[in-house]
Amino acid sequence: MTARSQDAEDVALLVRWRGGDVAAGEALTRRSFRMVLRFFDTKAPAAALDLTQQTFLALAEGRGRAEIRTSFRAYLLGIARYTLIAHLRHHYRAPGTFEPGHSSILDALPDPASSPTARLQDHQQRAQVVHALRRLPLDHQIALEMHYWNELSIAEIAAVLDCTPGSIKARLFRARKALQAAVADLNAGAAPPLDRLEHELSSVAKDAET
Amino acid sequence: MDDGSWNAAGLMGAPPPADALREELALATLQRRMFDSKAPAPVLHRYVLLDTLGHGGFGVVLRAFDPDLERAVAIKLLRVDAAADDDGVEALLREARIMARLSHPNTVTVHDVGRYDRHDLGAVGTQAADLGIPVPGVFLVMELVEQGTLQQRLDAGASPSSLFGLLLDAGAGLAAAHALGVVHRDVKPNNILIDADERVRVADFGLSQTVERAKPGAGGTPAFMAPERMVGGAATPASDQYAFALTCTVALWRVPPAHARVLFDDVAPVPDGLSARVRPVLARALHSDPAARYPTLPDLLGALEDAQRPRVRPLWIGGAVTVAAGIGLALLATRDDPCAHAGDGLATSWDAPARARLRGAFADVSPTHAADSSNAVERALDDYASRWASAATEACVDTHVRHVQSEDRLDARVDCLGRLRIEFAEAVSLLAEADAQLLPRAVDVVHGLGWIDACETPDGAAHLPNDPDARDRHAQRSRQLARAKLLEVSGRYTEAMALAQAVRDSPDASPISRARARLRWGSAAAGRGLYDDAKRALLAAIQDAEAARADAIVVDGWLRLLWVAGVELGEPQGDTWAAFARAALTRLGDDPRREAELAHGLGGLAYRQGRYDDALAHYQRALAMQRSTLAEDDAAIARTLNHIANTLLELHEPADAAPYVDQALAVRRRVLGERHPLVAAALNNRVRVELGRGDVPAALRTLAEAERITDGLDLPEAVVSARLRQDILRDLAERP
């Protein structure tokens, strides 16, 4: 089944579900819930199941988004993003101010001890990337995951993030840089108890070796 | 064009692997909630399976719901190896039933236990194998402990001292199971759970034995396994003891289990907040012969607790001895006492031949001033040697006679005093080679020797290497650093830098030595006016010292950085460096000499920023502290006096400045002799005072004195004198 025909089928199931066909809803949920669950797993693992459910309820009711602009999965992930942002705004230290273009997941939710990140201990490097992603602004994280893991097109990512395709390339560029920096930061090891000066210290200390 | 995409693709890699069982359970929950689905739920007997908590070689752990008791539980599903005989499973079930009867705050409570097969699993029964559920198997229903494991604590960098109590708790849980005849078989950081209230629970008692029966020696985690089990021996309380001690070592020393040998290696420092006596206790529990370990786990726990408890014996224990010590050390020293020779250390380097060499060298350099200088230097050396001897005797008496400190602390004090002895010997030999450049600074060299009082609260014991070669190299580095320091004091900055660099680059230098070397290099570089290089080296020194937890070096680093970057370079972060110096000093604790140095630094900052009133207040505070801790002739006091005078002159208060100028001058004359350039510097200040008073004739007389000292020499003091003379002459010419 091609992506295009799968997409057409998803849309047909959604139309039937919204018309009252529960079996179509069950089928559509079964087909697409994994993608949504994984979307939340890298961001709010403790609430992933609840948020997945909320996303599908919003999908059934047609809340959040008026139309399918590019593909069903972009549409669904767009709803998931709004569901996540609403959740984060609720939990953010200053309620309501979570800003997905600037705030990271870690701003709103502390790293849980038992999470998919913790489950990945045997895959050190991957765990580190998942960790680093959580430090980026939420929309940077989403853009990177969509691009590399879900293999969404630029147009689809734009639909998920609710912005123009033209801005996505620049966003991906910045997100990559930010990810590299975050990974490098994690690799720097235990931070000395001098956080304010940590940066200056490490950069200056390097050339003191000469 | 590089936009980072290639790197990013590599970095991102594949998405996190899916957990098929978790997704299946999530879907079932979702369908149930959203569609009120009548489809059978994934269950195990009556428990509704909700989520996965972990996978392992043994099977899988799930979060589940017990509808009868309406509570969340953890369920462990264990593979029953087809090759394992039924006895193994029965033994596991029997032990689990015993554990279910055990209610101890430090063990995970077992609620239920039994066997299961495909048909007990409801909706997931048919695809159990695909989902990674072992069938048939044994299940254990246990209390659900949210939060983390000791392993996660370690990964998060918890401090050793914060873990000690948690480890003892874990040991108590383990001991409770031993009392019922249950052996854990797989003690390790991952099996020690810590909840949000810091309650510790040991999990997974006896679980590894299903595997073990099939393949002897295979159950448990090899890295934590006692040696006797590696060769097929049975799991016993003694093998649990070994694994527990190894867990403690890994947690407290932050080493991988394979490196637990650090325990037997004196080089590795004992972690902060931990008593050195913990080491031999754990070493015994880690003995390869089970019979040589502690008889029982509670014995080990008791020994650990004892070892960590401070063992300072109160004074009243040896009442008579205390009285004797109170009467006086001299009296004791005549008896058969262990400290009679504790203070002899410096005598070997400062003996009659050494005195003769010193006098000879001084006479060669300056026949006219030799006696003066030599006398001053000898007095200073004698004074230092006698203070060192009483400090060393005091340290010994505290341990062996008064019993008010542990041997560990004695070691640390002796180690500190030993460093000073090396410095002293270097100073004596450096002075015996004095040349024209060194001679004027000879007394400074002695005053530059380490501060003896600081050894009463030393920077932790430096554990010397056992290997004689390594010990030699360590001693060699200590000598080099001592010499570098003295060279710096005597103004031979380039040589000091070269020696410091050699130490820094020596491959087996300890982090503390490296930090000291960098500090020295930076300090000497600042002496040469290479402030930017000095700043970088000092930052690196602070980093090294922080890593090695060498608090005193950290403080010295910030203090010097404050002066170099804040005062000399006039960088705006001066106040920040000062704040870090203050913070490090707070951590170091009571240290009036460094407190004074900080106050002096703050004065310099304020002076540099033109806040002369603040500068004056800081300098005055510094002076008060220095007067109460340093010798009256100390160069640091003269320096502070001179800076106060400078500040007052900036404030146009020449009359107030006068006494400070005179005091500085007096100290320098006494210590350095009449012809020292620093005396000329103080004389120049006096000229400014006298000019401020309008007393031009006095100013001219003083200026002439200064010029006599610097006559024909290319010194900054000479330049200042010349400028002053010009000012006076211009001033006179402009007068009506």
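Reader: How many residues of strand β4 of chain B are buried?

Author: This is a predicted model, in which local features need pLDDT of at least 70, side-chain atom pairs count only at pLDDT 80 or more, and totals for chains, interfaces and linings use all residues. Residues are numbered from 1 along each chain as its sequence is written, while chains are lettered from A and ligands numbered from 1 in the order in which they are written. Strands (E, at least two residues) and helices (H or I, at least four) are DSSP runs numbered from the N terminus. With buried taken as 20 or more other C-beta atoms, placed from the backbone, within 10 Å of a residue's own, β4(B), residues 71-79, is mostly covered, the count being 7 of 9.

Reader: Which residue of β4(B) stands opposite B:Val61?

Author: Strands pair if DSSP finds at least two bridges between them. Strand β3 (residues 59-66) of chain B runs antiparallel to β4(B), with 8 bridges. The two form a hairpin with 4 residues between them, and B:Glu70 in the turn has a positive phi of about 50°. Opposite B:Val61 stands B:Lys76.

Reader: What is the bridge partner of B:Val73 in β6(B)?

Author: β4(B) also pairs with strand β6 (residues 137-143) of chain B, antiparallel, over 7 bridges. In β6(B), the partner of B:Val73 is B:Glu143.

Reader: Where in chain A is confidence lowest?

Author: pLDDT, the predictor's confidence in each residue from 0 to 100, has a mean of 77 in chain A, with 76% of residues at 70 or more. Helix α2 (residues 22-41) of chain A is highest, at 92. The lowest, at a mean of 34, is helix α11 (residues 195-207) of chain A.

Definitions and conventions:
A residue is buried if 20 or more other C-beta atoms lie within 10 Å of its own, exposed if 12 or fewer, and partly exposed in between; C-beta atoms are placed from the backbone.
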